[in-house]
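Open the model in your viewer and get ready to select residues by number. Each stop says what to pick and what is there.

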Amino acid sequence: STITKLLVGVYRPTKGAIIVDGLPIEQYNRSNLNKLFGYVAQDVFLFSETLRDNILFGSTDATDEKNLKRAIASASLDIEINGFPKGLETILGERGITLSGGQKQRAAIARALVKDPEILLIDDGLSAVDTKTEVAIKNSLHGWNKSQTFINISHRVSSVQDCKYILFLDHGTIIEQGNHTDMIRLKGLYADLFDKQMMVED
């Protein structure tokens with residue numbers, strides 16, 4: 001979570017620099033930074049408004065409305081929304097109490113996608129969905145925009161194992177890095193965590 005807050009400019013680094021497209025992040029104004037990132041936080045916040053308004057929250061571009069249907073489908077939320085009596089016009093309770101944990105996360109993913117950001121940043125945003133739904137969402141995200149950078153932060157190896165490059169952190173320090181196959185071959189902490197999680201899932 002600290003890394004995500006550094007990337008989106010909530011925290012400032014005490015040393016070093018965060019460079020995006022060749023520029024230090026401090027040189028981006030808040031508006032441009034918000035357009036650059038689609039951010040799904042661990043703690044999803046939804047308002048007591050319609051589902052449509054929640055997904056389009058913060059959207060200012062007319063094209064966002066055009067992306068709405070695709071964003072909802074990519075977040076694997078379309079079937080459930082179609083089952084709601086009022087569909088997208090369903091009013092959510094306080095903090096989204098009407099929805100399950102997994103539905104809240106998927107609504108947040110749709111909210112991030114609808115802006116078609118250059119960088120999609122998900123902080124443990126698939127932890128409340130089942131494995132089948134997680135795979136469907138990841139497949140959709142990988143096909144959303146080929147030029148988009150997708151940063152997925154998770155404690156579940158299954159969520160990150162198909163990423164092109166993985167950084168494995170322990171107490172804030174990168175201790176292993178590479179793709180999934182390379183890191184399994186290292187037989188280090190990443191491989192150990194993978195084995196333990198696979199045993200639990202089995």
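Select Lys138. This is a predicted model. Is Lys138 buried or exposed? Lys138 is buried, because its relative accessible area is 5% and buried means under 20%.

Asp162 forms a salt bridge with Lys138. The closest N and O atoms are 3.8 Å apart. Lys138 lies in helix 7, while Asp162 lies in the loop between helix 8 (157-160) and strand 6 (166-170), so the pair ties together parts that are 24 residues apart in sequence. Asp162 itself is partly exposed, with a relative accessible area of 38%.

Stay with helix 7. Select residues 131-142 to show helix 7, then residues 101-113 to show helix 6. Two packed helices are described by the angle between their axes and the distance between the axes. Here the axes come within 13 Å and cross at roughly 0 degrees. That makes helix 6 roughly parallel to helix 7.

Which residues meet between these two helices? Show the side chains of Arg106, Ile109 and Leu113 in helix 6. They meet Thr133, Ile137 and Leu141 in helix 7.

Next, go to the loop between helix 5 and helix 6. Select Thr90, which lies in this loop. Thr90 counts as buried, at 14% relative accessibility. What does Thr90 touch, leaving aside residues up to four places away in sequence? Its contacts are Glu49, Thr50, Leu51 and Phe84.

Glu89 is the next pick. Glu89 also lies in the loop between helix 5 (78-83) and helix 6. Arg52 lies in helix 3 (residues 51-55), so the pair ties together parts that are 37 residues apart in sequence. Check how open each partner is. Arg52 is partly exposed, with a relative accessible area of 23%. Glu89 counts as partly exposed too, at 37% relative accessibility.

One more pick in this loop: Gly87. Gly87 is buried, with a relative accessible area of 13%. Draw a line from the C-alpha of Gly87 to the C-alpha of Arg156. How far apart are these two residues in space? The line spans 32 Å, and the two are 69 residues apart in sequence.

Move on to helix 9, residues 180-186. Select Asp182 and Arg185, which both lie in this helix. They are 3 residues apart, about one turn of the helix. Arg185 forms a salt bridge with Asp182, with the closest N and O atoms 3.8 Å apart. Arg185 counts as exposed, at 62% relative accessibility. Asp182 counts as partly exposed, at 37%.

How many salt bridges does the whole structure hold? A search finds 6.

Last stop: the surface. Select Ile3, Tyr165, Leu167, Leu169 and Ile174 together. They form a nonpolar patch on the surface. Together they have about 460 Å² of accessible area. Now pick out Ile174 from the group. Where does Ile174 lie? It lies in strand 7, residues 173-178. Ile174 is partly exposed, with a relative accessible area of 41%.

Definitions and conventions: Residues numbered from 1 in each chain as written. Predicted model: local features only at pLDDT ≥ 70, side-chain atom pairs only at ≥ 80, totals over all residues. Heavy atoms only, no water. Patch = residues over 30% accessible without salt bridge, like charges linked within 9 Å, V, L, I, M, F, W, Y side chains within 5 Å. Areas by Shrake-Rupley, 256 points an atom, 1.4 Å probe, with all protein chains shown as cover. Salt bridge = Lys/Arg side-chain N within 4 Å of Asp/Glu carboxyl O. Helix = DSSP H or I, 4+ residues; strand = E, 2+ residues; numbered from the N terminus. Buried < 20%, exposed > 50% of the residue type's maximum accessible area, 1.4 Å probe, protein only. Axes fitted to C-alpha atoms, helices over the stretch in contact; angles between N-to-C directions. Parallel < 35°, antiparallel > 145°, perpendicular 65-115°, else oblique. Contact = heavy atoms within 4.5 Å.
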